[in-house]
Structures are given as structure tokens and as C-alpha cells.
Amino acid sequence: MEFYIVDVFAEDKYAGNQLAVIFGEGVASLSDAEMQQIAQEMNYSETSFIPSSKTEDGGYDVRIFTPQKELPFAGHPTLGTAYIMQQEIIKKPLEQIILNLGIGQIPVTLTQDKDGDEILWMQQNKPEFYHTLEGDLVAQALGLDIAEIDSRFPIQEVSTGIPFILVPLTNLAALKKAKVNLESYSKLMEITHSNEILVFSPEPYSPENQISARMFAPALGIPEDPATGSANGCLAGYLIKHSYFGQDQIEVKVEQGYEINRPSILYLKARQVTDTIEVRVGGKVVKVAKGELF
């Protein structure tokens, strides 16, 4: 089996979120337990597996594992895997690649920006909005004062395939200060669908961006994620749902990973369409390494 390591949502290599993509004739014969062991060995937020270069229902089967469990969907593995498929398996220009994931088919569109850099976009499932949460327990779980949570907007669980707790913060200082308190975090997990928390601030590091964010998921073996496409898809829906920018259509850039020296940029597009919200998340992918599994 071959593997590639790519950096996703990265403007350059050694940034963004690392992903190992495993493919080759041996992948189809791997058991679930063996895939889990390989993901644990790679020890990135996620590792993806391509069992076959043949399509099923017009899409390519892909499986995604964290170091601890399989996921039905994750953002940066979707973009990174589609990139490797186009570059190393299909080996010809395409406008779209469809991945067959646990939550269903996810299309990935390949475009170029004004500088000629390739940006990959994924159309995520429509956001589902669950119950809102009180600020006290959330603040305790994040080591924050309640005043550092922006009370103008709700703390809410949102899903486009995987649920995240979205926590609006007042400023960049609060974002930098956030640190998971495992005891309070465990109590929070008992009353929610999600193991993952995305905090975000309207104050970015760089003026060309609009939001700065961080994602914590210690229950999944991810103390902090450098870039989370699935969480940012939820965020895009949230921004429309709660009129965060006062608009029913947005196009913004989100910073993530700056606090752990993995600066990432995620491109978000969302709009209200009748009774639903369309969400797209994009970013750049950089190849870093290739190798062979024995």
C-alpha cells in the first residue's frame, strides 16, 4: 500500500491540517481493526483509506479514521483525499470528484483562484440545528469567564454530518485564552450529542480574514485540531441562521490553528435558499510526502 501526506487548508506546506491518504491493492483487504491501527500509527487528526480506484454509483468509496474511531464524514480528509485521487489515481483534469462517505455522497469541485492556485470546494449536507446550551458549563469547560462568550448569539449544536458545539466569543483574546478543562468538558459531553467544540471570534489575526476559530475534541484523541472543515461547514450555516453578519449570503475566510503553530485558512460560502441553507467549504492542499506501508 502507498500513502501520501498532505497539508489541507494550507497556504503553504507545513501548515494546515495533516492527512495521510492510504491506497493500493492491499487496502480492500484491510479489516476495520487494521485500518484503525494504521490511523493510530499515523496519529494525525484523521487518516483516509481508498479501497478501490473504481467508481460506485459515480463516486469513489472512502473511509476516514481518527486515532480512536471511524467517522462518517470529516472536512479536511474529504478535500485532501479528492486532491490525491485527482493527482495520483485519475491523473487528468476534472471539475468534480464525488466521494462515497458514511453520510452519503459528497461532491468536491476543483477550481482556480485569480492567482492560478487550485482551491477545492466541498458541498456539505444542509445544516441541522439542535438545542442551545447555557453559558456557565460551557465557559467552565473552556476555562473562560462567562462574559467572554458573546451573549448576542446562542451556544448551539449544529451538524452537517457530524455535530459540533459552536461557541461565539467576544474577541481574539478570549479565543487565545480558551483551554479545555477535562472535568467540566466530560460533564458537558453527558448532555450533548457532540464530543467536539468550535469556538470562534469576529476578531482575526490578519485583516484580510473575517473570523478566527479553534476546535477541541479530546474525547476523540484530538486535543486541538489545526483545521476542521466539517466544523466550519456548521459555522457557515450558523452564521446565516443567526444573521451573524446581517446577511443571508456570506463569503468569508476563517483562520484556525494559529495557536498551535499550524496556521490554516478555510474558505466558507453559504446562502439561504428558501427553507434551507447551502454550505460550501474550500481550501488549498499541499503534497508533503509519499511512502509505502509494509
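Student: How many residues of domain 1 are in contact with domain 2, and how many of domain 2?

Tutor: 25 residues of domain 1 are in contact with 22 residues of domain 2. Contact means heavy atoms within 4.5 Å. This is a predicted model: local features need pLDDT of at least 70, side-chain atom pairs count only at pLDDT 80 or more, and totals for chains, interfaces and linings use all residues. Residues are numbered from 1 along each chain as its sequence is written, and side-chain values use heavy atoms, with hydrogens and water left out.

Student: Where are the two domains?

Tutor: Domain 1 is 2-109 + 285-292, and domain 2 is 128-283. The bounds come from an automatic or database domain assignment.

Student: What area is buried between domain 1 and domain 2?

Tutor: About 1,700 Å². Carbon and sulfur atoms give 55% of that. Buried area is the accessible area (1.4 Å probe) that two parts lose on being put together, summed over both.

Student: Which three residues supply 32% of the area that domain 1 buries?

Tutor: Phe9, Glu11 and Phe73.

Student: New topic. How many salt bridges cross the interface of domain 1 and domain 2?

Tutor: The rule finds 1. A salt bridge needs a side-chain nitrogen of Lys or Arg within 4 Å of a carboxyl oxygen of Asp or Glu.

Student: Which side chain does aspartate 7 meet in a salt bridge?

Tutor: That of arginine 262, at 3.1 Å, N to O.

Student: And what kinds of residues make up domain 1's side?

Tutor: The side of domain 1 that touches domain 2 has 12 nonpolar, 9 polar and 4 charged residues. Ala, Val, Leu, Ile, Met, Phe, Trp, Tyr, Cys and Pro count as nonpolar, Asp, Glu, Lys and Arg as charged, and the others, Gly among them, as polar.
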